[in-house]
Amino acid sequence: MTLWVAVIVAALIAFALKLAGFLVPESALSHPRARRVTAAIPVAMLAALVATQTFGGPEGTLVIDARLAAVGVAVVALLLRAPFIVVVLLGAVTAAALRALS
């Protein structure tokens, strides 16, 4: 399969998923269970992204480095109810400082 075929197939799949979203009846979307699930999806996706970016090394190996400390500092800042921009800055400064020291 050539690259262009793969790109076209991926575009068709994306289009079909978008179209399917428009065809779902409103009654199904307003159901309480559907609302709970759709509210939880962004949190789950973000948690998965953080986990894979923090611990994922080459070939699926576990890597412990400055990113882990940065996430730890960010979690503590969140628990202390710091504003989001402060949480992000504390995590970034922690990672940068640890990488500069190593």
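## Ground rules

Because the model is predicted, local features need pLDDT of at least 70 and side-chain atom pairs count only at pLDDT 80 or more, while totals for chains, interfaces and linings use all residues. Residues are numbered from 1 along each chain as its sequence is written, and side-chain values use heavy atoms, leaving out hydrogens and water.

## Overall fold

Let us start with the chain as a whole. The protein chain has 5 helices and 0 strands, counted as DSSP runs (H or I, at least four residues, for helices; E, at least two, for strands) and numbered from the N terminus. Read from that end, the order of elements is α-α-α-α-α. The radius of gyration is 20 Å, well over the 13 Å that the globule rule gives for 102 residues, so the chain is more spread out than a compact globule. That radius is taken over C-alpha atoms, and the rule is 2.2 Å times the number of residues to the power 0.38.

Along its principal axes, the C-alpha trace spans about 55 × 45 × 20 Å. Among contacts with a separation of 6 or more, 27% join residues 24 or more positions apart; a contact means heavy atoms within 4.5 Å.

## Surface and burial

Of the 102 residues, 9% count as buried. Here buried means under 20% relative accessible area, exposed over 50%, and partly exposed in between (1.4 Å probe, protein chains only). The chain exposes about 8,300 Å², with carbon and sulfur atoms supplying 77% of that area. These areas come from the Shrake-Rupley method with a 1.4 Å probe, and for residues only the protein chains shown count as cover.

## The largest pocket

Next comes the largest pocket, with a volume of about 360 Å³. Its lining includes L46 and V50, along with A70, L78, F84 and V88. Helix 3 (32-55), helix 4 (66-79) and helix 5 are the elements that each give two or more residues to this lining. On a 1 Å grid over the protein atoms alone, a pocket is an open set of points where a 1.4 Å probe fits, with protein on both sides within 12 Å along at least five of seven lines; lining residues have an atom within 4 Å of a point. Points are joined across faces, edges and corners, and the volume is the space filled by probe spheres set on them.

L78 and V88 are 10 residues apart in sequence, with their C-alpha atoms 9.8 Å apart.

T94 sits in helix 5 (residues 84-101) and counts as buried at 17% relative accessibility. Beyond its neighbours within four places in sequence, T94 contacts A69, A70 and V73.

A100 is also found in helix 5, but this residue is exposed, at 64%.

## A salt bridge and a loop residue

The structure holds 1 salt bridge, meaning a side-chain nitrogen of Lys or Arg within 4 Å of a carboxyl oxygen of Asp or Glu. R67 pairs with D65, and their closest N and O atoms are 3.2 Å apart. R67 is partly exposed at 24%, and D65 is partly exposed at 30%.

Finally, R81 lies in the loop between helix 4 and helix 5. R81 has a positive phi of about 65° although it is not a glycine, and it is exposed at 76%.
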